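I opened this model to go through its fold element by element. These are my notes, in the order I looked things up.

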Amino acid sequence: MPQMTLSLAPFRRLLLGLVLALASLAVSASSERSPEQVIRHSIDELMGQLDGRKEYYADHIDELKSLVDDSLADIADFRYIGASVMGRYFQNASPQQRSQFVDVFRQTLIDTYTKGLVTFDYRELRVLETQRAPRHEDQASVAMEVVAMDGAVYPVSYTLRQSDGQWKVVNVIVNGVNLGLTFRNQFDQAMRNEGRDYDAVIANWSPEIATEELEEGSGA
């Protein structure tokens with residue numbers, strides 16, 4: 001099947017940059033710090049580090065990729081995310097195929113988010129003062145809003161899971177669009193198109209989310 005492409009329209013860059021906000025810095029996310037505190041701290045640190053340095057990173061993209069790669073390891077649970085995206089196909093995949101998909105999925109995000117980080121613009125990022133109480137002790141969600149330059153407000157919700165005493169991001173919902181579920185549906189469709197050829201699907205993996213889908217939201 002043809003390889004899917006991921007365009008970076010201005011709105012996409014804005015949201016992808018925001019998604020990267022949590023992953024752009026190495027954060028000490030111990031169980032003593034609440035998920036909300038983790039995110040607030042990350043956003044504050046991110047703004048300080050990027051202030052006046054976007055042009056530098058735009059000219060030194062490999063340096064930024066290395067920073068993103070190191071930081072993602074601290075804040076995102078890629079093994080959990082990879083298994084979730086593979087869904088029902090995870091069980092029958094070989095250990096090597098599982099590992100390969102995690103690596104490919106991670107590299108895809110690094111490449112995309114790195115570009116988004118040096119190009120996105122916004123008026124305000126704000127973590128909501130009132131957060132929904134967690135249903136489980138080891139799971140939580142943190143709600144944010146991104147205010148675009150034209151004043152439009154887009155809700156963003158991070159899903160975090162506690163693993164080995166650390167809170168780590170396992171999913172993001174942007175304007176009502178569940179990115180984890182979207183990627184899982186795309187993996188499922190790719191497996192159908194390729195006759196359940198794991199190696200072909202993994203080799204051609206490149207997630208796609210339409211700009212219009214994020215702008216219009218889920219309609220919920």
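**Entry 1. Ground rules.**
I am working on a predicted model, where local features need pLDDT of at least 70, side-chain atom pairs count only at pLDDT 80 or more, and totals for chains, interfaces and linings use all residues. Residues are numbered from 1 along each chain as its sequence is written, and side-chain values use heavy atoms, with hydrogens and water left out.

**Entry 2. Whole chain.**
I looked up the secondary structure first. The protein chain has 9 helices and 5 strands. I take helices (H or I, at least four residues) and strands (E, at least two) as DSSP runs, numbered from the N terminus. From the N terminus on, I read the order of elements as α-α-α-α-α-α-β-β-β-β-β-α-α-α.

Next came burial. I call a residue buried under 20% relative accessible area, exposed over 50% and partly exposed in between, with a 1.4 Å probe and protein chains only. Of the 220 residues in the protein chain, 43% are buried.

Then I checked contacts, meaning heavy atoms within 4.5 Å. Among those in the protein chain between residues at least 6 apart in sequence, 63% join residues at least 24 apart.

**Entry 3. The sheet.**
Two strands pair here if DSSP finds at least two bridges between them. As a reminder to myself, strands of a sheet pair through backbone hydrogen bonds, either parallel or antiparallel.

I followed β1 (residues 124-127) into its neighbour. It runs antiparallel to β2 (residues 139-147), and 4 bridges join the two. E124 stands opposite V147 in β2. V127 has M144 of β2 as its bridge partner.

Which residues of β1 are on the covered face, and which on the uncovered one? L125 and V127 are on the covered face, while E124 and R126 are on the uncovered one.

β2 and β3 (residues 153-163) came next. They pair in the antiparallel sense over 9 bridges. Q139 has R161 of β3 as its bridge partner. The two strands form a hairpin with 5 residues between them. In the turn, G151 has a positive phi of about 95°.

I then turned to α5 (residues 78-86). Its buried residues are F78, I81, G82, V85 and M86. They sit on the same side of α5, because they cover an arc of only 130° around the axis. The arc is that of the directions from the helix axis to the C-beta atoms. Just after α5, G87 takes a positive phi of about 60°.

How do α5 and α7 (residues 179-193) cross? Their axes come within 7 Å and cross at roughly 50°. The axes are lines fitted to C-alpha atoms, for helices over the stretch in contact, and angles run from 0 to 180 degrees between N-to-C directions. I therefore log α5 and α7 as oblique to each other. For that label, angles under 35 degrees count as roughly parallel, over 145 as roughly antiparallel, 65 to 115 as roughly perpendicular and the rest as oblique.

I listed the residues that meet. S84, V85 and M86 come from α5, and G180, F183, R184 and F187 from α7. By class, this contact has 4 nonpolar, 2 polar and 1 charged residues. Ala, Val, Leu, Ile, Met, Phe, Trp, Tyr, Cys and Pro count as nonpolar, Asp, Glu, Lys and Arg as charged, and the others, Gly among them, as polar.

N175 lies in the loop between β4 and β5. Its phi is near 55°, a positive value in a residue other than glycine. N175 is buried, at 14% relative accessibility.

R196 lies in the loop between α7 and α8 (198-203). R196 is not a glycine, yet has a positive phi of about 60°. Is R196 buried or exposed? R196 is exposed, with a relative accessible area of 52%.

**Entry 4. Two distance checks.**
V172 is in β4 (residues 166-174). V172 is buried, with a relative accessible area of 7%. From V172 to L160 I get 9.0 Å, C-alpha to C-alpha, with the two 12 residues apart in sequence.

S66 is in α4 (residues 61-75). S66 counts as partly exposed, at 41% relative accessibility. S66 and T114 are 48 residues apart along the chain, and their C-alpha atoms are separated by 9.5 Å.
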